[in-house]
Amino acid sequence: MKKTEDPAPESLSIKEKQSRETRKKILDAAMELFSSKGFAATSTRKVSRLAGVSEGLIFHHFKTKADLLMGLVDQKPSLAGAIVRIIEERQNAPVRECLEAVGNSFVHIREPDSRMFNMLLSESRTNDRLYEVFREVMIRTIAQMGLYLEGRKEAGELRDDLNTQTAAESFFSLLIFFFLQNHHLDRAAWVRESEAYFKAQLELWLRGVSSDGRGSIGQK
């Protein structure tokens, strides 16, 4: 699902530019606090203090704290957002090429994105509203992957009987499993271990979905 393009900065009025700048300050502050302190432990008052705006102004832009989190998901760089963009930009690319790009994004995830993703994963287990946000993020990402895989199935790369929704879910389950087990690793160890894990799991996954049953999709 692509977002509507924002109007060009030069076409905005002074009031609109100020509103956009205020929104950015709020989102920047929320990103820092949510990712470092957690969603439950961060109040909108703390966000307002860090952003240098009134708490009421936050609620002018976002009805609830959960809506503020959703604003982050929609507008700030994130792993899910990066994956969706990769898939959108490679609609006609071979499956191996597309998924290797996804894997590269996963391996080289930015530290703030990693902390934010970990917060969503951990706190969504006990916070119903946060669970809804996390679920929506995953539904969007999996749906985009499913549409891409459907197109590659029509192109003859994938098995005719492949359930592309299930295949997309299984692919992302592999990433989430590794993240849950290894998000504590230091940067060098994360890159080394996640790269090796992704390469091995991708080969197994491709064997299961490829039309020839050997996972030779995109091999030279």
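Start with the largest nonpolar core of this predicted model.

Next, click on Phe171. Who touches this residue, apart from its neighbours within four places in sequence? Show Leu99, Val102, Met145, Phe198, Leu202 and Trp205, and you have the set.

Now go to Phe34 and bring up the helix it sits in, α1 (residues 14-37), along with α4 (residues 65-75). The two pack at an angle of about 100°, and their axes are 10 Å apart. An angle from 65 to 115 degrees counts as roughly perpendicular, so that is how α1 runs relative to α4. For the meeting point, select Arg23, Ile26, Leu27, Ala30, Met31 and Phe34 on the α1 side, then Lys65, Leu68, Leu69, Gly71, Leu72 and Gln75 on the α4 side. Colour this contact by class and you get eight nonpolar, two polar and two charged residues.

Last stop: back to helix α8, where you can pick out Arg152. Is Arg152 buried or exposed? Its relative accessible area is 12%, and buried means under 20%, so Arg152 is buried. Look at its side chain: one polar atom there lies 3.3 Å from the backbone oxygen of Ala93. Beyond its neighbours within four places in sequence, Arg152 is also in contact with others, including Gln91, Asn92, Pro94, Val95, Glu157 and Leu158.

Conventions. Residues are numbered from 1 along each chain as its sequence is written. This is a predicted model: local features need pLDDT of at least 70, side-chain atom pairs count only at pLDDT 80 or more; totals for chains, interfaces and linings use all residues. Side-chain values use heavy atoms; hydrogens and water are left out. Axes are lines fitted to C-alpha atoms, for helices over the stretch in contact, and angles run from 0 to 180 degrees between N-to-C directions. Helices (H or I, at least four residues) and strands (E, at least two) are DSSP runs, numbered from the N terminus. Angles under 35 degrees count as roughly parallel, over 145 as roughly antiparallel, 65 to 115 as roughly perpendicular and the rest as oblique. Contact means heavy atoms within 4.5 Å. Ala, Val, Leu, Ile, Met, Phe, Trp, Tyr, Cys and Pro count as nonpolar, Asp, Glu, Lys and Arg as charged, and the others, Gly among them, as polar. A nonpolar core is a set of buried Ala, Val, Leu, Ile, Met, Phe, Trp, Tyr and Cys residues joined through side-chain atoms within 4.5 Å. Buried means under 20% relative accessible area, exposed over 50%, partly exposed in between (1.4 Å probe, protein chains only). A polar contact is a pair of N or O atoms within 3.5 Å; within protein, one must be able to donate a hydrogen and the other to accept it, and residues adjacent in sequence count only if both atoms are side-chain atoms.
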